[in-house]
Amino acid sequence: MPYASTLIIVPAYQEKGRIGAVVKKIKATGPWPVLVVDDGSNDATAEEAEKAGAKVVRHVINRGPGAATMTGLAKARQEGYTYAITIDGDDQ
């Protein structure tokens, strides 16, 4: 599975203090592009994810993990990725 054609999607809500480590762990496994979908967090989830090297898409309000995943999949299709992998944002 080529790195360039695979997007790692991380739905996240209120994950400040964890999301940076999650993104860094993903990046340590290879040059994966990572997209964090910040699902309406009111903490520094988005900023921490960007600082760790992820692209971030934000929901204005919390819509739930299913909606965040669907947003990530839509972005993957829009950007022409062949594969998408989802990973929890809470480091489980």
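Visitor: Which exposed residues does the face of H1 turned away from its buried side carry?
Guide: This is a predicted model. In helix H1 (residues 19-28), Ile19, Gly20, Val22, Val23 and Ile26 are buried. Seen down the axis of H1, these buried residues fall within an arc of 165 degrees, so they line one face of the helix. The face turned away from that buried side carries the exposed residues Lys24 and Ala28.

Visitor: What covers the buried residues of H1?
Guide: The buried set includes Val22 and Ile26. Their helix, H1, has its buried residues covered by elements including strand S1 (6-12), strand S2 (34-39) and helix H2 (45-51).

Visitor: Is Glu15 buried or exposed, the residue with a relative accessible area of 11%?
Guide: Glu15 forms a salt bridge with Arg18, the closest N and O atoms being 2.7 Å apart. Arg18 counts as partly exposed, at 36% relative accessibility. Buried means under 20%. At 11%, Glu15 is buried.

Visitor: How many residues apart in sequence are the parts that Glu79 and Lys55 tie together?
Guide: Glu79 and Lys55 form a salt bridge, with the closest N and O atoms 3.5 Å apart. Glu79 lies in the loop between helix H3 (65-78) and strand S4 (83-86), and Lys55 in strand S3 (residues 55-59), so the pair ties together parts separated in sequence by 24 residues.

Methods: Residues numbered from 1 in each chain as written. Predicted model: local features only at pLDDT ≥ 70, side-chain atom pairs only at ≥ 80, totals over all residues. Heavy atoms only, no water. Buried < 20%, exposed > 50% of the residue type's maximum accessible area, 1.4 Å probe, protein only. Helix = DSSP H or I, 4+ residues; strand = E, 2+ residues; numbered from the N terminus. Arc of directions from axis to C-beta. Contact = heavy atoms within 4.5 Å. Salt bridge = Lys/Arg side-chain N within 4 Å of Asp/Glu carboxyl O.
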